[in-house]
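Hi everyone, thanks for coming. I'd like to walk you through one model this morning, going from the whole chain down to a few single residues. Let me put it up on the screen.

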Amino acid sequence: MNQQQRQDAIVDLVRRQGYASIEQLTDHFTVTPQTIRRDLNALAGEGLIRRVHGGAGLESSTVNTSYNTRKTLNLDAKRRIAALLARHIPDHASLFINIGTSNEVVAEALLEHQGLEVITNNLKVAAILQHKEDFNVIIAGGQVRPRDGGIIGEATIDFINQFKVDFGIIGISGIDEDGSLLEFDYQEVRVAQAIIRNSRQVFLAADHSKFHRNPVVRQGNIGQLDALFTDRRPSDAILRLLEAHDVALHIA
């Protein structure tokens, strides 16, 4: 078993049990405590587990990681995903871009495009795109969430429902093995659902860490997507769901 396989197995074990001690993991994988500590620190740095004294546990299902931490997590993977997704957006297309650090990176990757019309409920996405003179950037109305510049609420949903666009680019906080797309904020979920309903094609940008998180609010199902853009091969269960629902898989 190589390092990557061992770390994937650690995440699976912690997810099944909720907690695993360094002693248990050392015995299970027949490696030194120092090796397990390095593995746990690396996995915690990716946001895949929560490092606790003496071992590792699951991340909270009710409280998201801070925005500043999420902005730097798996940044190289997010950039690869964003570049791949951007290649599937033609010039002069209309699109929604919703809340999320991955979507901010997607916005950066779209700056080489021409003539896009972008409707967003993300102030940071609007700030990234605002200097492109050939873009038409439209900001949704509603309540601004202080921690990340996301715009949410009933007014935002009403605004989104006025449009029908070519592409909806969404992010997510977690993907369950049953295909559920999961988030932490109920109000954010309702806006994302409106984006899905009003998009001809729905693209999800999600790095590998999203497959090991368990937020509490159900946003939708992976079968509602047209394409999933990620950086590692998902589990067999997810692959079966993608195939069953004819969802294209793109691995950066």
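Let's start with contacts, meaning heavy atoms within 4.5 Å. Of the contacts in the protein chain with a separation of 6 or more, 63% are between residues 24 or more positions apart.

A word on what you're looking at: this is a predicted model, where local features need pLDDT of at least 70 and side-chain atom pairs count only at pLDDT 80 or more, while totals for chains, interfaces and linings use all residues. Residues are numbered from 1 along each chain as its sequence is written, and side-chain values use heavy atoms, with hydrogens and water left out.

Along the principal axes, the C-alpha trace spans about 60 × 35 × 30 Å.

How much of the protein chain is buried? Of the 252 residues, 52% count as buried, where buried means under 20% relative accessible area, exposed over 50%, and partly exposed in between, using a 1.4 Å probe and protein chains only.

Now, the inside. A nonpolar core here is a set of buried Ala, Val, Leu, Ile, Met, Phe, Trp, Tyr and Cys residues joined through side-chain atoms within 4.5 Å. The largest one has 26 residues, and I175, L204, I222, L225 and L228 touch the most other members. At least two residues each come from α8 (154–160), β9 (165–170), α9 (186–197), β12 (199–205) and α10 (236–244), and α9 gives the most, with 4 residues. Apart from this core lies another, of 24 residues, including I81, V105, F135 and F167.

Let's zoom in on I175. Leaving aside neighbours within four places in sequence, I175 is in contact with, among others, R15, L204, F211, I222 and I238.

R15 brings us to L58. L58 lies in the loop between β3 (55–57) and α4 (67–72), and is partly exposed, at a relative accessible area of 23%. L58 and R15 are 43 residues apart in sequence, yet 6.4 Å apart in space, C-alpha to C-alpha. Beyond four places in sequence, L58 is in contact with V14, R15, G18, R50 and N214.

T35 is buried, at 16% relative accessible area. T35 and D91 are 56 residues apart along the chain, and their C-alpha atoms are separated by 48 Å.

Last stop, backbone angles. Most residues other than glycine have a negative phi. D246 counts as exposed, at 69% relative accessibility.

That's my tour, so over to you for comments.
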